[in-house]
Amino acid sequence: MPDYTEVTGRITALCEGETDVIACMASIACELNQEFDHYDWVGFYRVTEPQLLKIGPYQGTHGCLTIPFDRGVCGAAAKTGTTQIVADVNSFPGHIACSTTTQSEIVVPVFGPDGQLFGVLDVDSNQPDAFGAEDAKALEAICAAVFGRPGMKP
């Protein structure tokens, strides 16, 4: 089980006082990707128009450029506003295979200080069943602490 204590501290310190969403997204993707060996791809998709996500800052190989809310794990997280944990991406209906090495995935919805969804945090692993409830809790807390702050402008 990953220990999120140190990386959470680094992320909150890096993003303290920063109101630029892209800068914070880039910092979070970098820190998470560097911290955990089983994180194969870490990035954000931003809501750019109704029911549509577009790629944001990420670490890893190429990502999908556009994801509608009705497709894939990212779309499901955006559509429902709830974290999606998928132990085997091949069993997820409508999964979008941006990388053939991805085996499991967790996607956390990202909300601004006004409670509006403005993106999702997507983490892929090349290991099956790599994520659980503790990962969800930690990643949700990081996103809330950084993006839910007053003054953050999505």
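This is a predicted model: local features need pLDDT of at least 70, side-chain atom pairs count only at pLDDT 80 or more; totals for chains, interfaces and linings use all residues.

Residues are numbered from 1 along each chain as its sequence is written, and side-chain values use heavy atoms, with hydrogens and water left out.

When I say helix or strand, I mean DSSP runs numbered from the N terminus: H or I of at least four residues for helices, E of at least two for strands. Two strands pair if DSSP finds at least two bridges between them.

OK, the sheet. It's an open one of six strands, in the order S3-S2-S1-S6-S5-S4, with antiparallel pairing. At the edges stand S3, residues 66-68, and S4, each with a single partner strand, so one side of each has no neighbour in the sheet. Going from one strand to the next, the twist averages 25°. For angles like the ones coming up, axes are lines fitted to C-alpha atoms, for helices over the stretch in contact, and the angles run from 0 to 180 degrees between N-to-C directions.

Now some of the pairings. S4 and S5 are antiparallel over three bridges, S1 and S6 over six bridges, and S5 and S6 over eight bridges. Keep an eye on Asp124 in S6: Trp41 stands opposite Asp124, and Asp124 is also the bridge partner of Glu105. The hairpin of S5 and S6 has five residues between the strands, and Gly115 there takes a positive phi near 85°.

Buried here means under 20% relative accessible area, exposed means over 50%, and partly exposed is in between, using a 1.4 Å probe and protein chains only.

Next, what sits on the sheet. Helix H3, residues 72-80, lies across S1, S2, S3, S4, S5 and S6, running at about 35° to S5. H4 packs on the sheet too, touching S1, S4, S5 and S6, and its direction makes about 30° with that of S5. Contact, by the way, means heavy atoms within 4.5 Å.

Over to H1, residues 5-15, where Val7, Ile11 and Cys15 are buried. Down the axis of H1, those buried residues fall within an arc of 55°, so they line one face of the helix; the arc is taken from the directions from the helix axis to the C-beta atoms. As a reminder, an α-helix has 3.6 residues a turn, so residues three or four places apart point the same way. The face of H1 turned away from the buried side carries exposed Thr5, Glu6 and Ala13. Helices H2 (21-35) and H4 (133-147) are among what covers the buried residues. After H1 comes Gly17, with a positive phi near 80°.

Cys15 is in none, and its nearest cysteine sulfur, that of Cys24, is 3.6 Å away. Cys15 is buried at 2% relative accessible area, and Cys74 counts as buried at 3%.

Last stop, the rings. There are seven aromatic pairs in the whole structure. Rings of Phe, Tyr and Trp (its six-membered ring) pair if their centres lie within 6.5 Å; planes under 30 degrees apart count as stacked, over 60 as edge-to-face, and the rest as tilted. Trp41 and Tyr45 are stacked, 6.0 Å centre to centre with 25° between the planes, and both are buried. Phe118 and Phe147 have their ring centres 5.5 Å apart and their planes at 75°, so that pair is edge-to-face. Phe118 lies in S6 and Phe147 in H4, so the pair ties together parts that are 29 residues apart in sequence. Those two are buried as well. And ring pairs link Tyr4, Phe36, Tyr39 and Phe131 into a cluster.

That's my tour, thanks.

Technical notes. A disulfide is a pair of cysteine sulfur atoms within 2.5 Å.
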